[in-house]
Amino acid sequence: MSQFAYLALVVLVAMTGLLFMLMSIRKIPEGYRGVLFRMGRLVKEVPPGTAWIVPFLDSVMLVNLSEQTFALPSDLTYANESGKFKVEGSFTCKIVEPIPAVMAAMQAQQDIAEVVGDKLVDEIKAMGSTAVLDRPAQAQQWALDVLNEQMSRAWQLKFTKVDFRLTHLASTD
């Protein structure tokens, strides 16, 4: 093999190695955790800082641990004997444990806002629209308590605020 071919091969191998190393580095920002998957299977939680992965085999999902506010779905409605109501609002939550939260979200294959919206409508039905309209602060606190009691463990979330209102929809009879 000629010297030029040998030198080109060495440079090619060195460049490939350098590229492979650069592809192996992941930066996990403060306030986040990484969830490492190897070939689609859960491996471990990755703390903030620099993480090394195996390119093409590993993927890292970033999980934000700060409080996040989500809007309730825009098509959320509730009906009872007094009429039909549109439920509008938002909720604030934060992830408690990254791995179970990611696994619950992947298993449910649903948007958390839809799940919370459905649960909220169930609680409004239990409270009754009159109670919600007459005592909104108390209704929101009750809904917050129920969300934390019934959904926190399954989704590994801590709900910190629920803000919703009922708007009476005009009937189209």
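What you see is a predicted model, where local features need pLDDT of at least 70 and side-chain atom pairs count only at pLDDT 80 or more, while totals for chains, interfaces and linings use all residues. Residues are numbered from 1 along each chain as its sequence is written, and side-chain values use heavy atoms, with hydrogens and water left out. Helices (H or I, at least four residues) and strands (E, at least two) are DSSP runs, numbered from the N terminus.

**Two helices that cross**

- Two packed helices are described by the angle between their axes and the distance between the axes.
- Helix α3 covers residues 112–127 and helix α5 covers residues 136–150; their axes come within 10 Å and cross at roughly 125°. Axes here are lines fitted to C-alpha atoms, for helices over the stretch in contact, and angles run from 0 to 180 degrees between N-to-C directions.
- That angle makes α3 oblique to α5 (under 35 degrees counts as roughly parallel, over 145 as roughly antiparallel, 65 to 115 as roughly perpendicular, and the rest as oblique).
- On the α3 side, the contact (heavy atoms within 4.5 Å) is made by V116, K119, L120, E123, A126 and M127. On the α5 side, A139, W142, A143, V146, L147 and Q150 take part.
- Sort the residues of this contact and you get nine nonpolar, one polar and two charged. Ala, Val, Leu, Ile, Met, Phe, Trp, Tyr, Cys and Pro count as nonpolar, Asp, Glu, Lys and Arg as charged, and the others, Gly among them, as polar.

**A three-stranded sheet**

- Three strands line up as β3-β2-β5 in an open sheet with antiparallel pairing (strands pair if DSSP finds at least two bridges between them).
- β3 (41–46) and β5 (58–64) stand at the edges, each with a single partner strand, so one side of each has no neighbour in the sheet.
- On average, neighbouring strands of this sheet are turned by 25° against each other, ignoring direction.
- Strand β2 (residues 32–38) runs antiparallel to β5, and seven bridges join the two. G34 stands opposite L62 in β5.

- E123 sits in helix α3 and is buried, with a relative accessible area of 10%. Leaving out residues up to four places away in sequence, E123 touches W142, V146 and Q150.
- S74 is in the loop between β6 (68–71) and β7 (77–80), and S74 is exposed, with a relative accessible area of 62%.
- The cut-offs: buried is under 20% relative accessible area, exposed is over 50%, and partly exposed is in between (1.4 Å probe, protein chains only).
- S74 and G117 are 43 residues apart in sequence, and their C-alpha atoms are 9.7 Å apart in space.
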